[in-house]
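I would ask you to look at the sequence and the structure together as I go through them.

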Amino acid sequence: MTKKNKPVSIVAVACGGYGYWYLRTLFDEVAPGKYRLAGVVDPSIRQLPIFPELEQGKIPIYEHLEDFYREQSADLAVISSPIHHHVPQTLLALRNHSRVLCDKPLGVTIQEVHELIRERARLNGWVSIGYQWTFSRAIRSLKKDILQGRFGKPLRFKSLALWPRDQGYYLRNNWAGRIRSEGGQWILDSPANNAMAHDLHNMLYLLGPSMDTSATPASVIAEAYKVYPIGNFDTVNARISTTEGTELLFYASHATEKPVNPMFRIDCEDAYITFSDKTKNIIAVRKKGKEKHYGSPNHDHQFKKLFHAIKAVHTNGPMICSPEAAAAQTLCVNGIQDSLRDSIPFPSRLIRRNELKLYINGLGGMFQQCYHKNVLLHELVPGWTVAGKNISLKEYIFFPGGKEKKK
């Protein structure tokens, strides 16, 4: 812990994309006396919109996090770099005695996630993962009620999010839509591991056996498709079973004509719980007709995770959304990738173009039908759809394939 009147020293890693909004929030919404920006790390910083402001403020700039730690230290590292840098940079920050707020997802492979958890424990370190819904009052209040058994056992949890993306989304950097980097490092960028990683994690987190843990996935079967010429997929649906026997259904796509914001439904023994744009509110309805409203997980500040991390430096506060809680999403993503024979291109007869955006005619309606009928796409639309393999995750410790191969 630092003294309560001492500003929290922060190193910000990656300042374009979402990292820009971390910095914007620091500059605009955190009192200057509460923090000191010790440095920023980004090899492309001079091309980014935030650079003039950093230069004017005489903020030290570094190409690599190693360069920063050779010269300085920081109470808190805020990491919003590309997916495949999350674990290596978090490990580096921990070994240099920084607390860490790393944006989602936690990592790429389950083996690196396990390494991080072991190292965090060895160093008695502090790491939070930036799934903002996990920090929200609505989600945390709902989870407490689920844990207390107010709705009976959860039987099924389904989640759908459709966010169209154009060609520029995949051309904005050298890793979007990639399975591996040019150097061979796993990336596994996809809706399930990037834009809709929140929704996959939220299902697992809400069903976890404590406020600090997520449900453990036992198996997964997935199918995935792509409309853009990318290495991985832009559309996925999956059926996941947890060790407690709850069925999870996950639907996510960047290839629909129109957007549908995240929605979910939990069917329990004694109630059902829903959230969507229509209600703007998480609502639990018991079989006896009584309702409970929790509010929206979007009502809390998106960067509550940042405010919490800064405060935790002074108070030694808890790790909300620890690596243990976030690991289940990585495990599911690894299982999804192993379930797939390949990322299958959509049939050309279904592809439509709207300016720079490609989309699949009728896909939004198909996915919404799947959501309401509790089925996967291949169960609704036979023919061009292809189901993946059923992958056991019970002893899955290494991606790909589940088990580490002997050398």
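Predicted model: local features only at pLDDT ≥ 70, side-chain atom pairs only at ≥ 80, totals over all residues.

Let us begin with the pair. Helix α4 spans residues 86-95, and its axis comes within 10 Å of the axis of α5. How do the two helices run relative to each other, roughly parallel or roughly antiparallel? Their axes cross at roughly 10°. Angles under 35 degrees count as roughly parallel, and α4 and α5 are therefore described as roughly parallel to each other.

Which residues form this contact? On the α4 side they are Val87, Pro88, Thr90, Leu91, Leu94 and Arg95, and they meet Glu112, Glu115, Leu116, Glu119 and Arg120 of α5. Sorted by class, the contact has five nonpolar residues, five charged residues and one polar residue.

Is Gln111 buried or exposed? Its relative accessibility is 18%, and buried means under 20%, so Gln111 counts as buried. Leaving aside residues up to four places away in sequence, Gln111 touches Ile397, Phe398 and Phe399. With Phe399 there is also a polar pairing: a polar atom of the Gln111 side chain lies 2.7 Å from the backbone nitrogen of Phe399.

Finally, consider helix α8, residues 197-206. Ten of its ten residues are buried, so α8 is largely enclosed by the rest of the structure. Among these buried residues are His198, Asp199, His201 and Asn202, as well as Leu200, Met203 and Leu204.

Conventions: Residues numbered from 1 in each chain as written. Heavy atoms only, no water. Buried < 20%, exposed > 50% of the residue type's maximum accessible area, 1.4 Å probe, protein only. Helix = DSSP H or I, 4+ residues; strand = E, 2+ residues; numbered from the N terminus. Polar contact = N/O pair within 3.5 Å; in protein donor to acceptor, adjacent residues only side chain to side chain. Contact = heavy atoms within 4.5 Å. Axes fitted to C-alpha atoms, helices over the stretch in contact; angles between N-to-C directions. Parallel < 35°, antiparallel > 145°, perpendicular 65-115°, else oblique. Nonpolar A, V, L, I, M, F, W, Y, C, P; charged D, E, K, R; others polar.
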